[in-house]
Amino acid sequence: MDPKTVYLKRLDDLKFQQKKLLKLKSFLGVIRFGSIAAIIAAFYLLWSIGMIWVIITAILLLFIFIQLVYKDLANKAAIKHLGLLIAINEDELKAINGEYFQFRDGAEYLPKEHFYAADIDIFGHASLFQFTNRTTSDMGAAQLANWLLNPANHNEILERQQSVKEIKEKMLWRQDIQAFGKEQNIQLSTFNRLMAWLHEPTLFLQFIHWQWLRYFLP
């Protein structure tokens, strides 16, 4: 099956799933509203029977409402993820038709002096970087730029070819990882803040009488 057919079929499947989730979203909205109305009706209809029945019914209906809220949040997250997957496949179809400008071009990685980067358009508009780039983080883009600027030795080339061979048939897995990356893009500033925090002195451990908290607040 040629790549274009694969992506078109994948798009059809994703849009079908998205349609089902959007219907579920509407259904959950109606049910949530119904559960709130049921709680109000319980107070009105059961008040004469006894307060205990009102409380029990209200707690049960409130529990159902909370579960519906969690279900709705999970459904919204799934809809967002599907939207990103649809965009990924649409971008790949554009790439098959020769349109790569939706991908980052890596112009910021072009060094002032390099013995081949400028001559063969490694970075910038319609460059090799833009042609191959599917990264979703600053660190990933920087790693790709480093590979393009620094030729690999024989062993590294074989290792990368083996890695490509392993993930070549795992399109769904690759696209899921890419969608998660698009959803929570990790910038270099975030990485630097995290590394700085990890290297801060462990002041908390100096207070021995606080260490018991680790058993209650993992």
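Here are some friendly notes on this predicted model, to read with the structure open beside you.

1. Helix H1 covers residues 3-46, and helix H2 covers residues 51-96. Their axes come within 8 Å and cross at roughly 165°. An angle over 145 degrees counts as roughly antiparallel, and H1 and H2 are therefore roughly antiparallel to each other. If you look at the handedness of this pair, H1 passes H2 in a left-handed crossing.

2. **What sits in that contact?** Where H1 meets H2, the contact residues divide into 31 nonpolar, seven polar and 10 charged.

3. **Now compare H2 with H6.** How do the axes of H2 and H6 cross? They come within 9 Å, at an angle of roughly 110°. The range from 65 to 115 degrees counts as roughly perpendicular, so H2 and H6 are described as roughly perpendicular to each other. The handedness is also worth checking: H2 passes H6 in a right-handed crossing, whereas the crossing of H1 with H2 is left-handed.

4. **The largest pocket.** This pocket holds about 990 Å³ of space. Among the 25 residues that line it, those closest to its centre are Thr132, Arg134, Thr135, Ile167 and Arg174.

5. Which helix gives the largest share? That is H6, with six residues. By class, the lining has 10 nonpolar, 10 polar and five charged residues.

6. **Two backbone angles to look at.** Most residues other than glycine have a negative phi. Against that background, Asp121 deserves a look: its phi is near 55°, a positive value in a residue other than glycine. Ala126 also has a positive phi, near 55°. Where do these residues lie? Asp121 is in the loop between H2 and helix H3 (128-132), and Ala126 is placed in the loop between H2 and H3 as well. Asp121 counts as partly exposed because its relative accessibility is 45%.

7. The cut-off for exposed is over 50%. Ala77 belongs to helix H2 and counts as partly exposed, at 38% relative accessibility. Glu92 is also found in helix H2, but at 12% relative accessibility this residue counts as buried. Buried means under 20%.

8. Ala77 and Leu198 are 121 residues apart along the chain, with 30 Å between their C-alpha atoms. For Glu92 and Gln102, 10 residues apart along the chain, the C-alpha separation is 9.8 Å.

Terms used. Residues are numbered from 1 along each chain as its sequence is written. This is a predicted model: local features need pLDDT of at least 70, side-chain atom pairs count only at pLDDT 80 or more; totals for chains, interfaces and linings use all residues. Side-chain values use heavy atoms; hydrogens and water are left out. Axes are lines fitted to C-alpha atoms, for helices over the stretch in contact, and angles run from 0 to 180 degrees between N-to-C directions. Helices (H or I, at least four residues) and strands (E, at least two) are DSSP runs, numbered from the N terminus. Angles under 35 degrees count as roughly parallel, over 145 as roughly antiparallel, 65 to 115 as roughly perpendicular and the rest as oblique. A crossing is left-handed if the near helix is turned anticlockwise from the far one by less than a right angle, and right-handed if clockwise. Ala, Val, Leu, Ile, Met, Phe, Trp, Tyr, Cys and Pro count as nonpolar, Asp, Glu, Lys and Arg as charged, and the others, Gly among them, as polar. On a 1 Å grid over the protein atoms alone, a cavity is a set of points where a 1.4 Å probe fits but cannot get out, and a pocket is an open set with protein on both sides within 12 Å along at least five of seven lines; lining residues have an atom within 4 Å of a point. Grid points are joined across faces, edges and corners, and a volume is the space filled by probe spheres set on the points. Buried means under 20% relative accessible area, exposed over 50%, partly exposed in between (1.4 Å probe, protein chains only).
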